[in-house]
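Subject: The structure we talked about

Hi,

Here is the structure I promised to pass on. Have a look at it first, and then read my notes below.

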Amino acid sequence: MATLPNPLPRLAADPSGRALGLELPPGSLIDATDEGPWHEPLLWHAGRAASSGNWARLGAPGARVGLLPVLVDVGGSQGGPEEWELMPGEVSYPGDHDAEEVLAEFWGDEDADEELGEIRAPFGPEWPGLAAAPRLEADPDARAAQVADSLLDGGSWLKEPRLALVPARRSADIPAAIGWSGPLNHENDTARLCSVLRSWEDRFGVRVVALTFDQLVLSVAAPPTGLAEAEAVAAEHFAFCPDNITQGHHETLREYAEHEILGRRIWAFWWD
């Protein structure tokens with residue numbers, strides 16, 4: 001696995017981050033995993049609730065030294081990241097996987113039952129392929145900052161979001177970098193899902209904006225604007241996170257595409 005030098009250990013002796021060109025508020029370095037302390041910190045998060053503007057103020061300087069921003073919710077029933085049963089030792093490298101192969105495998109080549117066939121409409125049992133990339137609507141990083149602020153201004157289900165910094169090459173790699181186990185019942189190796197996030201990063205300008213124990217929130221800089229394009233993306237969402245549809249409020253991919261993808265600047269995923 002290709003890795004970058006981790007700047008986080010330097011924050012142990014310099015909590016303000018000034019040696020890295022940062023001005024950090026008091027916070028915590030998290031190294032807790034399901035098997036005990038990791039050999040180095042996996043992330044840093046602020047000790048106070050995030051507020052509008054934090055993402056732009058801390059995220060951009062952090063990115064210059066290899067620390068990418070993400071909101072983490074410490075107020076859920078499972079607590080904060082130190083209690084999320086992170087599994088960095090079980091994660092491979094996202095670049096070692098092909099996004100389309102991963103999605104096609106999850107899609108499967110046969111309908112398990114009639115209900116699954118109905119959910120997949122307008123698609124059949126064969127993997128329909130990747131959706132085309134729409135026109136970029138906004139700068140992806142600017143869109144991420146806007147979405148982060150909207151989540152912090154009372155527009156989300158996050159109970160107590162904190163701004164975190166994660167050592168990662170690209171935003172799509174953040175879940176793998178911390179060994180996030182939110183999709184464990186669907187996929188044990190989060191890096192495989194991160195390969196899909198990389199593809200969405202390239203095609204739709206997504207950024208990983210927020211994580212809870214079992215939820216992932218993305219900003220989208222190039223959302224599909226036509227129904228056919230949105231349906232193609234819905235097929236990818238279904239392979240990526242079936243629970244979004246099978247345990248959600250929409251009975252078919254077409255309905256999901258209309259309500260959750262078409263023109264939407266936020267994509268959210270939840271695994272049971």
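Which residues in H3 meet which residues in H8? From H3 they are Leu 103, Phe 106 and Trp 107, and from H8 they are Ala 235, Glu 236, Phe 238, Ala 239 and Phe 240. By class, this contact of H3 with H8 has seven nonpolar residues, one charged and no polar ones. Please keep in mind that this is a predicted model.

Now for how these helices sit. Two packed helices are described by the angle between their axes and the distance between the axes. H8 covers residues 227–240, and H3 packs with H8 at an angle of about 75°, the axes being 8 Å apart. Angles of 65 to 115 degrees count as roughly perpendicular, and H3 and H8 are therefore roughly perpendicular to each other.

H3 also has a contact with H7. H3 runs over residues 99–107 and H7 over residues 190–204. Their axes are 8 Å apart, and the packing angle is about 120°. H3 and H7 are therefore oblique to each other. The crossing of H3 past H7 is left-handed. On the H3 side the contact is made by Ala 99, Val 102, Leu 103, Glu 105 and Phe 106, and on the H7 side by Arg 192, Leu 193, Ser 195, Val 196 and Ser 199. Six of the residues in the contact of H3 with H7 are nonpolar, two are polar and two are charged.

That leaves H7 with H8. How do these two run relative to each other, roughly parallel or roughly antiparallel? Their axes cross at roughly 160° and come within 11 Å. Angles over 145 count as roughly antiparallel, so H7 and H8 are roughly antiparallel to each other. H7 passes H8 in a left-handed crossing. From H7, Leu 193, Val 196, Leu 197, Trp 200, Arg 203 and Phe 204 meet Val 233, Glu 236, His 237 and Phe 240 from H8. The contact of H7 with H8 divides into seven nonpolar residues, one polar and two charged.

Next, the inside of the protein. How many cavities of 30 Å³ or more does the structure hold? There is one, and the volume of the largest cavity is about 30 Å³. Its lining is made of Pro 175, Trp 180, Pro 183, Thr 190, Leu 193, Cys 194, Leu 197, Leu 216, Phe 240 and Trp 271. H7 gives the most to this lining, with four residues. Nine of the lining residues are nonpolar, one is polar and none is charged.

A few details in the loops are left. Ala 121 and Pro 122 are joined by a cis peptide bond, with omega about 15°. Pro 122 sits in the loop between H4 (114–120) and H5 (140–152). Glu 85 is not a glycine, yet its phi is positive, at about 55°. You will find Glu 85 in the loop between strand S5 (67–73) and H3.

Finally, Gly 66 belongs to the loop between H2 (54–64) and S5. Leaving aside residues up to four places away in sequence, Gly 66 touches Val 166, Pro 167 and Ala 168. From Gly 66 to Cys 241 there are 175 residues in sequence and 29 Å in space, C-alpha to C-alpha.

Cheers

How values were computed: Residues numbered from 1 in each chain as written. Predicted model: local features only at pLDDT ≥ 70, side-chain atom pairs only at ≥ 80, totals over all residues. Heavy atoms only, no water. Axes fitted to C-alpha atoms, helices over the stretch in contact; angles between N-to-C directions. Parallel < 35°, antiparallel > 145°, perpendicular 65-115°, else oblique. Left-handed = near helix turned anticlockwise from the far one by under 90°. Contact = heavy atoms within 4.5 Å. Nonpolar A, V, L, I, M, F, W, Y, C, P; charged D, E, K, R; others polar. 1 Å grid on protein atoms, 1.4 Å probe; cavity = no way out; pocket = protein on both sides within 12 Å on 5 of 7 lines; lining within 4 Å. Points joined across faces, edges and corners; volume = space filled by probe spheres on them.
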